[in-house]
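Take a look at the fold below before reading on.

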Amino acid sequence: MSRLDFTLQERHEAELRALLHRPDGHEAAAYVLYGVSRVAMDPWDRQSRLRLTSYRVIPVPDEDLISASDKHVTWSTKSFLDLCRVAKAEGLIVGIAHSHPGGYPEFSTHVALPLNLRHGALSVEFCP
């Protein structure tokens with residue numbers, strides 16, 4: 001089984017902080033495109049590795065937002081499906097980032113990487 005390395009560039013973290021912090025305290029979401037690097041054998045631990053590096057942050061279009069509160073965010077999947085087509089053509093992976101203004105505990109049913117932020121938490125989920 002390959003190990004996963006996930007690198008979020010500083011400029012992308014700043015973009016996500018700005019996009020995902022809503023003054024009303026509701027959750028928000030954005031897409032992140034990741035470049036992919038497959039390492040057959042790491043020279044130190046001799047394991048294979050999948051390395052994802054943030055490539056571009058894309059806001060979820062306002063017209064796709066269905067509902068949001070301090071405990072959820074829901075949006076239409078049209079923009080997600082369109083982005084999946086772009087990602088496939090460009091050899092990228094689509095991720096979904098969403099905020100949790102009240103904190104991280106017990107909030108998501110998806111496999112996610114939590115990142116603690118000043119205003120709650122951010123979850124980054126990878127979509128194959």
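This is a predicted model: local features need pLDDT of at least 70, side-chain atom pairs count only at pLDDT 80 or more; totals for chains, interfaces and linings use all residues.

Residues are numbered from 1 along each chain as its sequence is written, and side-chain values use heavy atoms, with hydrogens and water left out.

Start with the overall layout. The protein chain holds two helices and eight strands. Both kinds of element are DSSP runs numbered from the N terminus: helices are H or I with at least four residues, strands are E with at least two. Read from the N terminus, the order is β-α-β-β-β-β-α-β-β-β. Of the 128 residues, 35% count as buried. Buried means under 20% relative accessible area, exposed means over 50%, and partly exposed lies in between (1.4 Å probe, protein chains only). The accessible surface of the chain comes to about 8000 Å², and 55% of that belongs to carbon and sulfur atoms. These areas come from the Shrake-Rupley method with a 1.4 Å probe; for residues, only the protein chains shown count as cover. Now take the contacts with a separation of 6 or more: residues 24 or more positions apart account for 61% of them. Contact here means heavy atoms within 4.5 Å.

Next, the strands. Two strands pair if DSSP finds at least two bridges between them. Strand β1 joins strand β3 (residues 49–59) through five bridges, and the two run parallel. In this pairing, L4 stands opposite L50 of β3. Strand β3 also pairs with β2, in the antiparallel sense, over 10 bridges. Here Y31 faces I58 of β3, and A30 stands opposite P59 of β3. Strand β2 has a further partner: six bridges join β2 to strand β6 (residues 93–100), and they run antiparallel. L33 stands opposite V94 in β6.

P59 deserves a stop. This residue lies in strand β3. P59 is partly exposed, with a relative accessible area of 44%. What does P59 contact, leaving aside its neighbours within four places in sequence? The partners are L19, A30 and Y31. P59 and S79 are 20 residues apart in sequence, and their C-alpha atoms are 9.8 Å apart in space.

Now the aromatic rings. A pair of aromatic rings is described by the distance of the centres and the angle of the planes. Rings of Phe, Tyr and Trp (its six-membered ring) pair if their centres lie within 6.5 Å; planes under 30 degrees apart count as stacked, over 60 as edge-to-face, and the rest as tilted. By this rule there are three aromatic pairs. F6 and Y34 form a tilted pair, 5.6 Å centre to centre, with 55° between the planes. F6 lies in strand β1 (residues 3–7) and Y34 in strand β2 (residues 29–39), so this pair ties together parts that are 28 residues apart in sequence. Y34 is buried, with a relative accessible area of 0%. Y31 and F80 form another tilted pair, 6.1 Å centre to centre, with 35° between the planes. This pair links distant parts of the chain: Y31 is in strand β2, F80 in helix α2, 49 residues apart. Both Y31 and F80 are buried. Together with W75, Y31 and F80 form one aromatic cluster.

Finally, the helices. An α-helix has 3.6 residues a turn, so residues three or four places apart point the same way. In helix α1 (residues 10–20), the buried residues are H12, L16 and L20. They cover an arc of only 55° around the axis, which puts them on the same side of α1. The arc is that of the directions from the helix axis to the C-beta atoms. On the other side of α1, E10, R11 and A18 are exposed.

Where are the buried residues of α2? They are S79, F80, L83 and A87. Seen down the axis of α2, they fall within an arc of 95°, so they line one face of the helix. The face turned away from this buried side carries exposed K78, R85, K88 and A89. At 1.5 Å a residue, the 13 residues of α2 (residues 78–90) should span 18 Å; the end C-alpha atoms are 19 Å apart, which agrees. That expected span is 1.5 Å times one less than the number of residues. Just after α2, G91 takes a positive phi of about 70°.
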